[in-house]
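Q: I have a structure open and I want to learn how to read it. Can we go through it feature by feature?

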Amino acid sequence: MPVFDFSNTKTEKKDPECTYTTFQSNEKVPSAEKPILVIENRNRQWKHHSCGVFSNPNQKSSFEFKEDDGVFPADILKIDARFVSLVKWLGENHISVRLSGQNNEGGYAVYKIRETAFGGGTKLSAEDGFLQFMIERLLASNAPAELLENDEEDEDGDDMKLTSIQSITDFMTCAGRTMPDNIRLWARRNLAVARSHEVSQEERRHAQRALSIMMNIQWKNNYFESIDPLEARRILDEELYGMEKVKQRIIETIIQINRTHTLPAYGLLLVGPAGTGKSQIAYAVARILKLPWTTLDMSSINDPEQLTGSSRVYANAKPGIIMEAFSMAGESNLVFIINELDKATNGKGNGNPADVLLTLLDNLGFTDNYMECMVPTVGVYPIATANDKAQISAPLMSRFAVIELPDYTAEEKKVIFSKFALPKVLKRMSLKAEECVVAPDGLDAVIEQFADTTGIRDLEQAAEHIAANALYQIEVNHVSSVTFDAEMVKKLFE
């Protein structure tokens, strides 16, 4: 008796075939003239109401019509870009549907999709309500701005979140070496706790939550690519007028990174009056370094536990703000912008929250009470802002390179108001430059009005007030333009 061995038989794998093109549409009510999708009908004309299933999209983009004399597949020719994912979902789950459409020269134009009971009957199943809910949401949405031709191949894993024990286990098996050694060891221990039935459900829940947070952080090394100093200077000029010494100090820091390919040993402490652009400089530096950034507002933190997290012995325990910042950034290299460092108050009997930052600033590693693991901080670049450095403790001051920001001179404020603040407001209000003009004596009056205030926030508010008044006169009094002289400015700000 002959024996046939098929174990070595080669099966030819075929790549999935995409037969359709997508089109952009914002139609809220589809019709035969403006359909959801178009199916090929050259070989056979399809019924007004046709039942069947979308084929598995991993094989071919088509619809299998269930006719009285058999099953007939037909290629999808065109599809509304909003419905691509829905049609794939219907095909992957083999959901029986009934199409409503009309045969035209270009194909069978489908304008309605309903789910049917199993077997291709005409009675609608209970799940059709969910399908119609999704279709209504898609019709109410606008066409996607950009659609990848083959999002199956181009899709990356940036939005993937490891939450289940199985996914965390698989990640540890396949990519555990991408984590620092101490975190990998910590993860194994917590994974054992999360699986164990010898500990309480609360302990298992905390272990799984901590694992999910830690696993979803991309742990990068502390090597930094070179940064173009000219591009860095352009970004600083965009964000800040004047302040040449400040810009020079930042460019020096960039040159240092280019030579060592590591972050400087000290962060930046920007000290200056309110409204001088300290936060803007911090954001600009994060943009130059091409790193995600997070902010810590020390004036609103009155308990060190807000930064360090709470112990897992409590049922409502959670990580601290610093650990959450790593989680939100999704990577270990980021810029910490610490606002109002001088306004950090003593905690509720537990010490000063500002002193918690010392370990973060030393780049030796930060330990969160909830995570119970030292988190590497070699890729963290701290930038702090303060109004009065005398209020900051000496240990904290020693961790920063201090940059003093002087207040703007009257001449600098004139340039900022006329070249930056007012044009920005006019653009936002859709006013032309010739419709709202501030005369030279009017500009002097604006600067004199706010001579006793620091920074430029008051100037920005003044520009808003002047532009709003001009818009009012144009709309209500029907004037073509408004010119503000000194007398008008003084009257406006009385």
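Q: How many disulfides does the structure hold?
A: Look for pairs of cysteine sulfur atoms within 2.5 Å. The structure holds 0 disulfides. Keep in mind that this is a predicted model.

Q: Is C51 buried or exposed? And what about C436?
A: Compare the relative accessible area with the cut-off: under 20% counts as buried. C51 has 13%, so C51 is buried. C436 has 2%, so C436 is buried too.

Q: What is the overall make-up of the chain, in helices and strands?
A: Count the elements. The chain has 17 helices and 16 strands. Then ask about burial. Of the 494 residues in the chain, 45% are buried.

Q: What share of the contacts join residues at least 24 apart?
A: Take contacts between residues at least 6 apart in sequence. In this chain, 71% of them join residues at least 24 apart.

Q: Which residues does A467 touch, and where is A467 found?
A: Start with the element. A467 sits in helix α16. Next comes burial. The relative accessibility of A467 is 0%, so A467 counts as buried. Now the partners. Setting aside residues up to four places away in sequence, A467 touches V425, L426, M429, L431 and C436. Take C436 from that list. A467 and C436 are 31 residues apart along the chain, yet their C-alpha atoms are separated by 6.6 Å.

Q: Which residues of helix α15 are buried?
A: Go along the helix and check each residue against the cut-off. In α15 (residues 440–449), the buried residues are G442, L443, A445, V446 and I447. Then see what they face. They pack against helices α14 (410–428), α16 (457–476) and α17 (486–492), and against strands β15 (436–438) and β16 (482–484).

Q: What is L443 in contact with?
A: L443 belongs to helix α15. Its relative accessible area is 15%, so L443 is buried. Leave aside neighbours within four places in sequence. L443 is then in contact with K414, F417, S418 and V438. You can also read a spacing here. L443 and K413 are 30 residues apart in sequence and 9.8 Å apart in space, C-alpha to C-alpha.

Q: At what angle do helices α4 and α6 pack?
A: Read the angle and the distance between the axes together. Helix α4 (residues 165–175) packs on helix α6 (residues 201–215) at about 45 degrees, and the axes are 11 Å apart. That angle makes α4 oblique to α6. The crossing is left-handed. From α4 come I165, I168, F171 and M172; from α6 come Q208, L211, S212 and M215. By class, this contact of α4 with α6 has 6 nonpolar residues, 2 polar and no charged ones.

Q: How do the axes of α5 and α6 cross?
A: The axes of helix α5 (residues 181–195) and α6 come within 8 Å and cross at roughly 150 degrees. This crossing of α5 and α6 is left-handed. On the α5 side, the contact is made by I183, W186, A187, N190, L191, V193 and A194. On the α6 side, the residues are E203, R204, A207, Q208, A210, L211, M214 and M215. The contact of α5 with α6 divides into 11 nonpolar, 2 polar and 2 charged residues.

Q: Why is α7 roughly antiparallel to α8?
A: Check the angle against the cut-off: over 145 degrees counts as roughly antiparallel. Helix α7 (residues 229–239) and helix α8 (residues 244–260) pack at about 150 degrees, with axes 10 Å apart. That makes α7 roughly antiparallel to α8. The crossing of α7 and α8 is right-handed. P229, A232, R233, L236 and D237 of α7 meet E244, K247, I250, I251, I254, I255 and N258 of α8. This contact of α7 with α8 has 7 nonpolar, 1 polar and 4 charged residues.

Q: What is the phi of H94, and what is the phi of E340?
A: Begin with the general rule. Most residues other than glycine have a negative phi. H94 has a positive phi, near 50 degrees. H94 lies in the loop between α1 (84–92) and β6 (97–104). The phi of E340 is also positive, near 55 degrees. E340 is in the loop between β10 (334–339) and α12 (357–361). With a relative accessible area of 27%, E340 is partly exposed.

Key:
Residues numbered from 1 in each chain as written. Predicted model: local features only at pLDDT ≥ 70, side-chain atom pairs only at ≥ 80, totals over all residues. Heavy atoms only, no water. Axes fitted to C-alpha atoms, helices over the stretch in contact; angles between N-to-C directions. Helix = DSSP H or I, 4+ residues; strand = E, 2+ residues; numbered from the N terminus. Parallel < 35°, antiparallel > 145°, perpendicular 65-115°, else oblique. Left-handed = near helix turned anticlockwise from the far one by under 90°. Contact = heavy atoms within 4.5 Å. Nonpolar A, V, L, I, M, F, W, Y, C, P; charged D, E, K, R; others polar. Buried < 20%, exposed > 50% of the residue type's maximum accessible area, 1.4 Å probe, protein only.
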